[in-house]
Amino acid sequence: MGYTLSDHLSALHKHAGGRKLVDVCLANSAPIPSPVAARYETENAAPLYIDREAVEAMGVELVTAPLSNEKLANQARHDPIKLAEALMALIQDRCLRVSTADGIRYILDR
């Protein structure tokens, strides 16, 4: 196993001087196509491992969705449309939508 999601989050927090920057994390749940995984392995690379228990132990809510771009045959990348839709769904689920003179604003509803 290579780099984990909790490793990534820990690095972000470390670079922020120990402050917790992330309380919700959106991660891809779609599998990487076998040919892409095989190619990555020949390059001693691996996809980010989602270690849910460690992430949740950090106090980070993990939300998963199928975000991969199936149109790319040789790379594992997020689909920008799927990613935008998933982010907007998170915002709409967690925030209040307020109309102001300057336009629509989303305010975190805690």
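## Hairpin

β3 and β4 form a hairpin with two residues between them. Strands here are DSSP runs of E, at least two residues long, and helices are runs of H or I, at least four, numbered from the N terminus. This is a predicted model: local features need pLDDT of at least 70, side-chain atom pairs count only at pLDDT 80 or more, and totals for chains, interfaces and linings use all residues. Residues are numbered from 1 along each chain as its sequence is written, and side-chain values use heavy atoms, with hydrogens and water left out.

β3 covers residues 95-100 and β4 covers residues 103-108. The two run antiparallel, joined by six bridges. Strands pair if DSSP finds at least two bridges between them. Ser99 has Ile104 of β4 as its bridge partner.

## Largest pocket

The largest pocket has a volume of about 620 Å³. A pocket is an open set of points on a 1 Å grid over the protein atoms alone, where a 1.4 Å probe fits, with protein on both sides within 12 Å along at least five of seven lines; lining residues have an atom within 4 Å of a point. The volume is the space filled by probe spheres set on the points, which are joined across faces, edges and corners.

The lining of the largest pocket has 28 residues. Closest to its centre are Asn28, Ile32, Pro47, Leu48 and His78. α1 (5-15) and β1 (24-28) are the elements that give two or more residues. β1 gives the most, with five. By class, the lining has 19 nonpolar, seven polar and two charged residues. Nonpolar means Ala, Val, Leu, Ile, Met, Phe, Trp, Tyr, Cys and Pro; charged means Asp, Glu, Lys and Arg; the others, Gly among them, are polar.

## Nonpolar core

Eight residues make up the largest nonpolar core: Leu5, Leu9, Val22, Cys25, Ala27, Val55, Val60 and Leu62. α1 and β1 are the elements that give this core two or more residues. Such a core is a set of buried Ala, Val, Leu, Ile, Met, Phe, Trp, Tyr and Cys residues joined through side-chain atoms within 4.5 Å.

Leu62 touches Leu5, Cys25, Ala27, Ile50, Arg52 and Val55, leaving out residues up to four places away in sequence. Contact means heavy atoms within 4.5 Å.

## Two loop asparagines

Asn44 sits in the loop between α2 (34-42) and α3 (52-57). Its phi is near 55°, a positive value in a residue other than glycine. Asn44 counts as exposed because its relative accessibility is 75%. Exposed means over 50% relative accessible area, buried under 20%, partly exposed in between (1.4 Å probe, protein chains only).

Asn69 lies in the loop between β2 (61-65) and α4 (80-94). Asn69 is buried, at 15%. Beyond four places in sequence, Asn69 touches Arg77, His78, Asp79 and Pro80.
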